[in-house]
Amino acid sequence: MKLVKSQPWRNPDTVLAQLIQSCARTRNLDRGKQLHAHLVASGATPSTFVANHLISMYAKCGDLYHAIALFDRMPQRNLVTWTAMISSFSQNNKFGDALRTFSSMCAAGIKPTQFALSSAIQASAFFASLEFGKQMHCLSVKLGYDVELFVGSNLADMYSKCGSLVDACRVFDEMPDKDEVAWTAMIDGYTKNGSFEEAIVAFRDMLRGGTVVIDQHLLCSVLSACGGLKAGKLGRCLHSCVVKLGLESDTFIGNALVNMYAKAGDMESASSVVGMNSHGWNVVSCSSLIDGYVEMDQIEEASRAYISSRRQGIEPNEFTFSSMIKACASQAALEQGIQLHAQVMKTSFVRDLFVSSTLIDMYGKCGLLNSSIQVFDEIQHPSDISWNSIVGVFAQHGRGKEAVRALNRMISRGNKPNHITFVSLLMACSHAGLVEEGLEYFYSMNKTCDIEPREEHYACVIDMLGRAGRLEEAREFIAGMPFEPNAYGWCSLLGACRTHGEKELGELAAEKLMKLEPENSGIHILLSSIYASMGQWEDVKAVRKLMRDSRVKKLPGFSWVDVNNKTHMFGAEDWSHPQKEEIYEKLEELMVKIRKAGYVPFTGSMPCNLEESLKERLLHHHSERIAVAFALISMPATKPIIVKKNLRVCVDCHSAIKLISKVEGREIIVRDNARFHHFADGMCSCGDYW
DNA sequence: CTAGGGTTAG
């Protein structure tokens, strides 16, 4: 109003335009509508200039309806009118409409400028449509805007969002001037495509240039890259930068910091950032925090963070649910998993592909194969992630044929298996003894699915041959490999050599393993048990001495079992439980039953030269068996028993529990530190070998 | 009058 009074000689349109503009700036829709109504009431048709302002005002205030209505009724549209309409659509996330309007404009014979191109490229980025994006790029080149600051940044952003980093770089490198927005687009492109090192390198290059402003957008992307690299030190450095620039109160920055620290495993810093300011408690930061705890295997802390977030009034979203369900899977905490599933079903997140995939995995790890399949079957359009989960579950359960069938269905439905799918498939074949099928897939995956076999696939083949007792072939296979097997491969081989009494190859595997994982006591134990099974007590002693000398300690074995939502822990020969009498009685009863069913104690591998009866007794009182006996006397017979162990289940316990599942008619799931065993009716999902 | 970049998952 001041302007009107002080500059009464100005063109009335200019005055009106300025008034409308101020409504747009302050998002004052009511005042904007008033001005519009006033204009209409005066009977005059607004000029194109004024109408353009009105469209822009309506769009900025989120009132697309009136913007469109006005646009449709305009007798004269100029370049800016079209451009304003396109940007109105893209500002309000109507990217399809933005693109349609863009092509109408072109059809009307109006050449787009950098403004319209910018919005149109943004829309192509939204649809992640490389094809359309390339057309836009082409048009930008033709019209001479391709290296312009805004268009260039948009193109780089669009290419990286379409997954084509090469094209993004090409555009970016051609740009003569680059500001912080352009750099952010590029750095974020690297980050989103998993090229974290390149993101950091780009950031350094940018700093070296020295002229670019560092703002919150830029720092967010760099922090995300630090998270990906687990680069806590660099991240902390950037945190100081955030503080110096006074950007701590930015919610996105806070979330990025929490996520960075959580990914780097620095949970203390992550949780302190959450508590630092009023924006700290939000669904993104809490989900990052929870996921950090889950990844660090600190499930108690994860639950605590989840409960605190709920107390703060934060509604969990699909990220939160995924992480919490993942936590249940890692603990084989079936009860809590089911509760989360029930909660998810009350929300729309039940249709989220990440959530359903973690549910499939959780049920699988808790031994409920049918529930996994049910969750999978309820997915309307399974994605690659969904298929990978179900193939993985079949692998865990030793269902080789089902895994193969799932893979074939996956391919025929147009989903593309990746290297993880093939790891699962090969493991499934290995567990089910489908050696020929497994080998066929291994040798053909490169041709049929364009996946070069990696370390882990080679390791699966070693495992497959080893389990089948084809150790000579395993040796040849290793000799023909383009690289040395990884720890998993050598470990499988060592296990197989132990089972099949192959001393020399076992020694080789152990030697390699001790170099790869010198701290791993399991390797020493396995090797000594190979010697023990052959009665080479001198060698057993030598290994023990080696363990002493290199200060490798055998971890004490513990088992856990959840009964009525309470976790009970047992050690070997552990009789501290209040119900010890009943447990002991049950164990004795089980021994009698399984002996009748054909159980023969396997004391051959025990790494000490003890009297047989004592060895047997020691075996019978392994922690996992005590846990199973306890669960049998305290749980309703309908529920599967889930036991968790910190070490590997021993061969003898494996065969004993197999028979216990048969004589007691119970499903027993044992998760040890290496794998998953599902015992039912005298069978185990991991086959006959441990 | 019209345009660009940022945080969480298998």
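Helices here are DSSP runs of H or I with at least four residues, numbered from the N terminus. The model is predicted: local features need pLDDT of at least 70, side-chain atom pairs count only at pLDDT 80 or more, and totals for chains, interfaces and linings use all residues. Residues are numbered from 1 along each chain as its sequence is written, chains are lettered from A in the order in which they are written, and side-chain values use heavy atoms, without hydrogens and water.

Next, select Leu471, Ala474, Phe477 and Ile478 in H29 (residues 471-479), which are buried (under 20% relative accessible area). These buried residues fall within an arc of 110° seen down the axis, taken from the directions from the helix axis to the C-beta atoms, so they line one face of the helix. Display H27 (435-449), H28 (455-467), H30 (487-499) and H31 (503-516), which are among the elements covering them.

Now move to DNA strand B, which 54 residues surround (a heavy atom within 4 Å); the closest are Gln91, Lys192, Asn255, Lys326 and Ile385. At His53, a side-chain N or O atom is 3.0 Å from a sugar or linking oxygen of DNA strand B. At Glu180, a backbone N or O atom lies 3.4 Å from a base nitrogen of DNA strand B.

Finally, select Arg351, in the loop between H21 (334-345) and H22 (353-365). Arg351 is exposed, with a relative accessible area of 63%.

Conventions: Helices (H or I, at least four residues) and strands (E, at least two) are DSSP runs, numbered from the N terminus. Buried means under 20% relative accessible area, exposed over 50%, partly exposed in between (1.4 Å probe, protein chains only). Contact means heavy atoms within 4.5 Å. A polar contact is a pair of N or O atoms within 3.5 Å; within protein, one must be able to donate a hydrogen and the other to accept it, and residues adjacent in sequence count only if both atoms are side-chain atoms.
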